[in-house]
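Here's a quick look at how two chains meet and what sits inside them. Have the structure open as you read.

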Amino acid sequence: MIEVKQLSHQFELGKKDKKTVIPVLQDVSFSVTKGEIVTLVGRSGSGKSTLLHLIGGFLPRQSGNIVINTTDVSDFTEAQFAEFRLGTIGFIFQNFQFIQSMTAYQNVELPLILQGVSETARKIQALDTLEKVGLKGFEHHYPSELSGGQQQRVSVARALVLNPLIILADEPTGSLDSETEEDLLHLIKELNESLDITFLIITHDDEVAKIGHRSLMMHDGALIDQEVK
Amino acid sequence: MLFKDQLYFVRENMKKNKMRIFMTVLATAMGTAFLIVLASVAFGLHDTLIKDVLEQETVNQVQIYGKDDPNSQGITDEDIDYFKSLENVRAVRKQSFFRQSPLVSLNGYEVSPRTVAVDMAALETGGTPLKDGRYATSSDEVVVGYHFYEQLLKDDTDPEDMYDENGERIEETLYQGELIGETIDLTVSRLINETDTEEKTYQVTVVGVTAEPANEWQQDQRLYTTFDFYQSVSEYTGTPGGEMYFQEEPMDLTFYYDEVTIQSNNLENVQALTDTINDQGYYGYSVASELKQINMLFTIAKAGLIFIGAIAVIIASIGIFNTMTMAVTERAPDIGIMKAIGASPKTIKQIFLLESSIIGIMGATIGTLVSYLISFLVNIGLPLILEAAFEDQLPEGFQFSSIPWTLVLIAYVICLLVTLISGSRPAKKATKIDVLSALRREL
């Protein structure tokens with residue numbers, strides 16, 4: 001489902017004359033099969049977020065290759081990646097990333113709008129997805145009116161609404177307490193089992209790492225260990 | 001993304017800063033109104049002038065003044081036959097002026113009018129209306145001009161006694177009797193040698209009076225006769241048209257027409273007819289040629305005023321640019337989220353261009369409505385002000401400002417174009433927003 005080959009990346013900091021090159025990824029290769037939950041663990045600055053952003057198309061690739069669902073996305077333009085992302089990849093962010101002026105329903109409806117789904121069809125799909133994540137009755141609440149756990153469920157619903165093949169999650173429990181964290185992990189597990197969705201989750205939380213079928217350990221931009229459970 | 005959803009997005013975005021949008025729309029409306037009102041003056045004056053020209057009787061006529069031929073002395077019957085053979089010709093009116101003004105005597109009143117021989121039948125088909133009576137059918141019948149009677153003076157009247165102290169004609173000095181059916185004495189002179197003259201009096205009956213000329217300033221004091229009468233006078237004097245000239249040898253009395261007027265069957269064909277006639281070496285003139293010049297002059301004036309007006313719209317576009325740039329900056333996090341989910345740069349660009357276009361359309365619509373109101377008020381108010389200030393009455397139907405649909409269309413196109421250009425840079429900026437920076441709220 002996801003195949004990363006010899007991916008390297010570096011950031012250039014500073015101005016023209018005093019540029020500092022910081023390597024963040026060095027020759028990273030791994031693959032994720034369909035229906036797997038893979039967690040990427042490592043300390044801050046280990047390069048796991050950069051790796052996720054490259055797979056998600058938020059950063060332009062410098063070297064190496066990325067193949068997602070048999071499509072080589074390595075040389076995709078921004079527009080091509082946007083279109084690909086919309087139908088294939090869902091995102092869950094640590095701090096939810098909602099449009100605050102929109103209700104929970106409208107935020108979940110957004111990917112459907114972008115895909116050009118008709119109003120009637122998207123109403124059914126959005127409400128159905130919100131019900132799936134246990135937020136029936138909260139459709140017309142604004143993000144600020146929901147708890148952290150509920151907000152992250154809205155975030156999951158938004159990632160889920162277009163039935164993606166892969167969901168990339170960046171520290172999904174980072175803003176949650178232990179109880180709501182457990183609920184969310186349970187939901188992820190359930191979605192993985194019932195819908196066969198592939199998850200690639202970044203975390204530095206051992207509890208989160210436990211739900212993965214595999215755990216990839218990163219250190220200083222390199223993959224150092226693979227743990228299969 | 002469906003267009004309906006794009007509109008929904010734009011509406012929601014616009015609602016977030018109503019005051020800023022209102023001010024931008026207001027500036028655009030003012031710019032558009034300025035453009036339309038300014039150009040409407042040229043449109044209004046043009047319309048008035050065209051209307052004035054079209055009201056003239058001569059509008060669908062081509063006047064022939066001569067021929068580009070050194071051997072030719074004027075227009076002959078052969079030329080007339082050629083004119084009649086042309087397409088779209090309704091009538092050919094010809095006339096020859098008498099070379100002397102015969103003395104007319106009528107019931108003790110006298111006048112020496114400008115006398116002209118005309119083709120009465122062509123006058124009738126050419127649509128020259130009569131006020132009273134009919135056209136002359138024989139050489140002893142004549143038609144008089146609408147103002148003919150004003151020139152008739154009693155034999156013993158001193159011309160100084162004709163007007164009062166205000167310069168107005170004294171009513172009593174005017175001929176009061178009927179004209180139609182009256183027999184008048186027409187005295188023609190001729191030279192019998194170098195110095196001596198003799199006279200001959202013809203008795204003719206007035207059978208018609210021409211209608212009042214279209215314009216107030218026109219005076220028709222002529223006496224219209226038939227060509228047969230013209231011919232008999234020429235034969236009597238031995239000179240063309242009764243010219244006071246003595247020559248031992250008999251003169252050539254071939255008919256030459258001084259003025260030939262060709263009437264077209266409709267206004268559209270006048271210019272083509274004039275061109276055809278001029279191409280054949282005649283000197284033809286029509287009001288249509290004048291209209292062409294008027295039209296060209298006003299087209300230049302309109303273009304100039306629209307250009308000046310467009311500057312106001314361009315100034316207003318600075319507001320649109322500013323509003324859209326601020327909107328993009330404010331919405332950077334939302335744009336980042338949309339892009340992260342899968343919104344293509346094209347979709348983002350479309351949303352912002354749509355927003356600036358809507359501002360432009362709203363501004364143009366309000367500006368157009370205001371322009372119509374201003375135009376209406378100007379057309380009503382300005383004549384009143386001018387009358388009060390200068391005690392001068394404007395001609396009836398005078399239009400100072402006119403807004404045709406073409407002007408509205410031009411204003412809309414300019415406005416939309418300018419708003420699209422001013423909105424394109426902010427829209428492009430929106431597409432360039434970096435997703436990660438936007439999500440980290442770094443923008």
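## Charges and polar pairs across the interface

Between chain B and chain A, 3 salt bridges turn up in this predicted model. In a salt bridge with 3.2 Å from N to O, the side chain of Lys4(B) meets that of Glu119(A). Polar contacts between chain B and chain A come to 9 residue pairs, counting those with both residues at pLDDT 80 or more.

As for who does the touching on chain B, four helices each put in at least two residues: H1 (3-16), H9 (332-341), H10 (345-390) and H12 (435-439). H9(B) gives the most to that side, with 6 residues. Sort the side of chain B that touches chain A by class and you get 13 nonpolar, 7 charged and 4 polar residues.

On the contact count, 26 residues of chain A are in contact with 24 of chain B. Together the two chains bury about 2100 Å², with 63% of that on carbon and sulfur atoms.

## The nonpolar cores

Now for the insides. The largest nonpolar core runs to 99 residues, and Leu51(A) and Leu200(A) have the most contacts inside it. Helix H3 of chain A (residues 104-114) is its top contributor, with 7 residues.

Leaving aside residues up to four places away in sequence, Leu51(A) touches Val4(A), Leu7(A), Leu25(A), Val28(A), Phe30(A), Leu40(A) and Met218(A). There's also a second, separate core of 42 residues, including Leu86(B), Val204(B), Phe227(B) and Tyr257(B).

Methods
Residues are numbered from 1 along each chain as its sequence is written. Chains are lettered from A and ligands numbered from 1 in the order in which they are written. This is a predicted model: local features need pLDDT of at least 70, side-chain atom pairs count only at pLDDT 80 or more; totals for chains, interfaces and linings use all residues. Side-chain values use heavy atoms; hydrogens and water are left out. A nonpolar core is a set of buried Ala, Val, Leu, Ile, Met, Phe, Trp, Tyr and Cys residues joined through side-chain atoms within 4.5 Å. Buried means under 20% relative accessible area, exposed over 50%, partly exposed in between (1.4 Å probe, protein chains only). Contact means heavy atoms within 4.5 Å. Buried area is the accessible area (1.4 Å probe) that two parts lose on being put together, summed over both. A salt bridge is a side-chain nitrogen of Lys or Arg within 4 Å of a carboxyl oxygen of Asp or Glu. A polar contact is a pair of N or O atoms within 3.5 Å; within protein, one must be able to donate a hydrogen and the other to accept it, and residues adjacent in sequence count only if both atoms are side-chain atoms. Ala, Val, Leu, Ile, Met, Phe, Trp, Tyr, Cys and Pro count as nonpolar, Asp, Glu, Lys and Arg as charged, and the others, Gly among them, as polar.
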